[in-house]
Every structure is written in structure tokens, then in C-alpha cells.
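Student: I would like to learn how to read the features of a structure one at a time. Could we take the general idea and then the case at hand?

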Amino acid sequence: VWAKNKNSSRRGFSDRLQELKQVRQRRDEWIKEKEARVQARDEEAQQRESEQYGDLAAKEDEADRVQPKLRSRLRLRNRRPHAVDRVYQTHLLLEERRDPAAVPPGFDLAGTVQPLAHAPDEVLDRLGPEELANLREEAQHFVDSGID
């Protein structure tokens, strides 16, 4: 009698052990499938977003590139120029004269700003260390925006 129960309990134990292994395996497969579904959903969302907003990023980059010129033109027009505006003042006027259509309405300098009567380096001679540091940073923005 005892031997019979011993064998059946061993068989029962190995059956339960086998069931546990199968449950773990199914759980692992389910987790992998879930991760694959999440990844596929994320990729689809990213693709939809890039289709919808792809050209928006290019427009933002273009606006960031043009912004320093427009700010400089506005400061010159309102007679409150920074040092970088004075340095690039003649260049902006020449650029406007070459292609007037490229200047947005309200940002033209003709009639309100005259070319510098002196060399741009004279502007630099009048600046202190802090102003020169600001000029360097603003000049880098100008270079990035396409003004050499």
C-alpha cells in the first residue's frame, strides 16, 4: 500500500513540476509577445508622427536660422542696435539691395538705416569685455544663420 502511494505521489509531483514549467514558459512567451506588441505600436506611432510633423521640424529649423537676422533688422529699424547689428549693418543693407524680395515686409532697412561711415572694427574698439563676449555669441548666431 505504501509503495503504491509513494509512486503515485512521485508521479503527481513530477506532473505538477511539469505543469509549473509549462506555465512559466507560457508566461515568458506572453511577456515577449506583449513587448513585441508594444514595440510595434510605438513604431507605428512614431511613423504617424513623422508623417504628420516631419516638415514641421524643417520649418522650425529654418525659423531658427532666420531669426537672428530678423531681430537685428528690427533693432536697427527701431534705432536700438546691439554691437553685432552695427558690425553687420552694411552687410544687411547690401543683402537687402541685392534681393529686396527676400526681406519680409516690415523688416526693410532702406531709408531708416545708413551704411556705417567707419570700419566695423571701430565698433569693436569701443566695447568692454562683457560686451565683446555678447558680440561673439551673437556673431556666431549670425554665422549660423548664413551671414559670413
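Student: Is Arg 75 buried or exposed, and what is its relative accessible area?

Tutor: This is a predicted model, and every value here is computed from it. The general idea is to compare the relative accessible area with a cut-off, and buried means under 20%. Arg 75 has a relative accessible area of 11%, so the residue is buried. Its place is in helix H1, and, when residues up to four places away in sequence are not counted, Arg 75 touches Arg 80, Pro 81, His 82, Val 84 and Asp 85.

Student: Which salt bridge does Arg 75 form with Asp 85, and how far apart are the N and O atoms?

Tutor: A pair of this kind is read from the distance between a side-chain nitrogen of Lys or Arg and a carboxyl oxygen of Asp or Glu, which has to be within 4 Å. The side chains of Asp 85 and Arg 75 meet at 2.6 Å, N to O. Because Asp 85 lies in helix H2 and Arg 75 in helix H1, the pair ties together parts that are 10 residues apart in sequence. Asp 85 is itself buried, with a relative accessible area of 0%.

Student: How many salt bridges does a search of the whole structure find?

Tutor: The search finds 4 salt bridges. One of them joins the side chains of Arg 73 and Glu 95, with a distance of 3.4 Å from N to O. Arg 73 lies in helix H1, residues 2-77, and Glu 95 in helix H2, so this pair connects parts that are 22 residues apart in sequence. Arg 73 also forms a salt bridge with Glu 96, where the closest N and O atoms are 2.8 Å apart. That pair again links distant parts of the chain, with Arg 73 in helix H1 and Glu 96 in helix H2, 23 residues apart.

Student: Are Arg 73 and Glu 96 buried or exposed?

Tutor: Arg 73 is buried, its relative accessible area being 3%, and Glu 96 is buried as well, at 8%.

Student: What does Ser 72 contact, leaving aside its neighbours within four places in sequence?

Tutor: With those neighbours left aside, Ser 72 is in contact with Asp 85, Leu 92 and Phe 142. Ser 72 is found in helix H1, and at 0% relative accessibility it counts as buried. For a contrasting reading, take Ala 40, which is found in helix H1 and counts as partly exposed at 33% relative accessibility. Ala 40 and Asp 108 are 68 residues apart in sequence, and their C-alpha atoms are 51 Å apart in space.

Student: At what angle do H2 and H4 pack, and how far apart are their axes?

Tutor: A helix pair is read from an angle and a distance between axes, and here H2 and H4 pack at about 45°, with the axes 8 Å apart. That angle makes H2 oblique to H4. On the H2 side the contact is made by Ala 83, Val 84, Asp 85, Val 87 and Tyr 88, and on the H4 side by Leu 135, Glu 138, Ala 139, Phe 142 and Val 143. By class, the residues of this contact divide into 8 nonpolar, no polar and 2 charged.

Student: Which residues make up the largest nonpolar core?

Tutor: The largest nonpolar core has 8 residues, namely Ala 83, Val 84, Tyr 88, Val 123, Leu 127, Leu 135, Ala 139 and Phe 142. Helix H2 (83-98) and helix H4 (129-144) each supply at least two residues of this core. Apart from it lies another core, of 5 residues, including Leu 76, Leu 92, Leu 93 and Leu 109.

Student: What is Leu 127 in contact with, leaving aside its neighbours within four places in sequence?

Tutor: Once those neighbours are left aside, the contacts of Leu 127 are with Ala 83, Leu 132 and Leu 135.

Key: Residues numbered from 1 in each chain as written. Predicted model: local features only at pLDDT ≥ 70, side-chain atom pairs only at ≥ 80, totals over all residues. Heavy atoms only, no water. Core = buried A, V, L, I, M, F, W, Y, C linked by side-chain atoms within 4.5 Å. Buried < 20%, exposed > 50% of the residue type's maximum accessible area, 1.4 Å probe, protein only. Helix = DSSP H or I, 4+ residues; strand = E, 2+ residues; numbered from the N terminus. Contact = heavy atoms within 4.5 Å. Axes fitted to C-alpha atoms, helices over the stretch in contact; angles between N-to-C directions. Parallel < 35°, antiparallel > 145°, perpendicular 65-115°, else oblique. Nonpolar A, V, L, I, M, F, W, Y, C, P; charged D, E, K, R; others polar.
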